[in-house]
Amino acid sequence: MAENDLMEKIVSLSKRRGFIFQGSEIYGGLAGTWDYGPLGVALKNNIKKIWWHMFVDSRDDMYGTDAAILMSPKVWEASGHVSGFSDPLVECKKCKKRFRADHIDDINLKETPCTSGKHEFGPVRQFNMMFKTHVGATEDETSISYLRPETAGGMFVNFKNVVDSIHPKLPFGLAQIGKAFRNEIAPRDFVFRSREFEQMEVEYFVRPSEWEQKFEEWRNVMISFIAAVGIRKDGVHELEVGEADRAHYSKRTIDFEFDFPFGKKELYGLAYRGDFDLSAHQDASGQNLKYVEEGQEPFLPHVIEPSLGVDRTVLAVLASAYTEDELGGETRVYLKFAPAVAPIKAAVFPLLKNKPELVAKAREVYALLKKEIPQVMFDDNGNVGKRYRRQDEIGTPWTITIDFDTLGENPDLLNTVTLRDRDTGEQKRVAISELLPLLMASIRV
Ligand code: ATP
């Protein structure tokens with residue numbers, strides 16, 4: 001399948017089946033924004049739940065935070081975002097269209113042609129990507145605030161609060177999932193580069209001497225997470241960022257890149273940030289952010305930062321899962337989601353919609369499963385073949401059909417159902433009592 005085709009197919013399936021819609025679509029859309037529909041929300045929540053489990057709950061050295069999106073502008077002055085969080089911008093002198101100077105390529109020019117012939121670009125200037133707003137009723141320089149461009153800031157400014165209230169021992173980390181906003185010059189490639197997106201970030205505080213070992217540990221957690229959400233392993237590449245491209249304070253940065261349908265691009269980042277952030281916030285706020293350890297001079301811990309985008313994860317998961325094959329002589333499209341991320345884990349069908357005894361039994365099985373696994377669905381629309389196609393297309397790993405044998409037409413099969421496997425289409429007879437343990441085991445991370 002041509003890569004462009006794949007992208008078009010993913011975008012169209014996402015809209016058709018209620019995963020992701022263009023933001024403000026009925027008003028013509030708002031560039032760089034995307035709205036998640038019912039299945040998209042479920043997929044995204046599953047991804048975030050797995051992340052929280054692997055990066056926070058399953059460990060004893062991690063603590064959650066949820067900082068405000070609006071922060072004092074001083075936070076972003078100290079972090080360097082006010083002066084330096086910018087991308088190079090060029091404007092066409094004739095049609096006034098704007099481009100990111102380092103992203104101009106043939107595709108970009110073809111997608112955004114000049115309305116007066118050929119683009120004629122002016123000089124490159126720096127464009128700050130933070131969204132500015134005013135807090136309170138006064139709209140002047142004193143009321144300026146920014147929508148956070150990353151969640152990290154909220155964790156650095158709460159470092160002292162957490163140390164003073166929870167007294168964690170080094171090494172320990174803070175974790176946060178939340179929205180971030182960047183006024184990207186050219187949002188593109190579906191949810192890959194948008195202006196409002198979600199991040200899952202960790203700031204892990206270490207003694208300076210142990211950073212290399214902890215960096216390696218987090219690298220491995222990221223690799224395990226990639227596998228757990230079902231991102232194609234052979235599509236992920238680790239790029240050691242060279243000294244010239246690294247921030248001056250970082251001794252090591254790895255970009256995890258993924259073969260997206262539009263090319264190999266950054267999925268996640270892992271950076272060793274030294275004491276750059278705590279030191280900058282200590283200087284700017286005048287607060288002592290040093291950590292006190294017995295028998296040691298107070299010192300500023302160093303930081304390892306695994307930074308993951310939720311939306312890029314969603315896209316990599318969709319691209320990894322999208323499959324076309326032939327089953328029973330028919331071509332079909334299905335999403336080969338890992339059961340743990342699948343929005344719907346199982347769908348329960350009565351073989352026939354107009355047989356009350358089948359419907360009642362199917363409802364009973366549905367209720368039994370739904371109590372333990374909320375992401376279960378009941379479907380009696382159309383014939384069973386059509387229901388299979390629908391569930392395959394949204395990536396439901398299991399479908400369960402209740403037929404006359406379930407009711408005892410064949411006494412040997414009383415209280416058994418047909419369980420169908422999404423990927424192979426294989427069907428087997430399973431006792432109703434076996435369903436829950438089987439499903440639970442398949443969705444466990
Ligand atoms: P890029 O170079 O692609 O702009 P970045 O290096 O600026 O990305 P970071 O600042 O490291 O990105 O942000 C951490 C993570 O947040 C990224 O790895 C990515 O998953 C996600 N992310 C960053 N910008 C966007 C965006 N505009 N839309 C969606 N996700 C984003």
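A crossing of two helices is termed right-handed if the near helix is turned clockwise from the far one by less than a right angle. In the predicted model described here, helix α2 passes helix α10 in such a right-handed crossing. The two helices, spanning residues 38–57 (α2) and 310–321 (α10), pack at an angle of about 110°, and their axes are 10 Å apart. Because angles of 65 to 115 degrees count as roughly perpendicular, α2 is classed as roughly perpendicular to α10. On the α2 side, the contact is formed by L43, K44, I47 and K48, and these residues meet V310, T313, V314 and V317 of α10. In terms of residue class, this contact of α2 with α10 comprises five nonpolar, one polar and two charged residues.

A total of 16 residues lie around the ligand, of which F197, G269, S307, G309 and R312 come nearest. Strand β14 provides the largest share, with four residues. Classified by residue type, the shell around the ligand contains seven charged, five polar and four nonpolar residues.

At the level of the whole protein chain, the domain assignment gives two segments, 3–75 and 150–319, for domain 1, and residues 344–443 for domain 2. The C-alpha centres of domain 1 and domain 2 are separated by 38 Å.

How values were computed
Residues numbered from 1 in each chain as written. Predicted model: local features only at pLDDT ≥ 70, side-chain atom pairs only at ≥ 80, totals over all residues. Axes fitted to C-alpha atoms, helices over the stretch in contact; angles between N-to-C directions. Parallel < 35°, antiparallel > 145°, perpendicular 65-115°, else oblique. Contact = placed C-beta atoms within 7 Å. Nonpolar A, V, L, I, M, F, W, Y, C, P; charged D, E, K, R; others polar. Domains from an automatic or database assignment. Near = placed C-beta within 6 Å.
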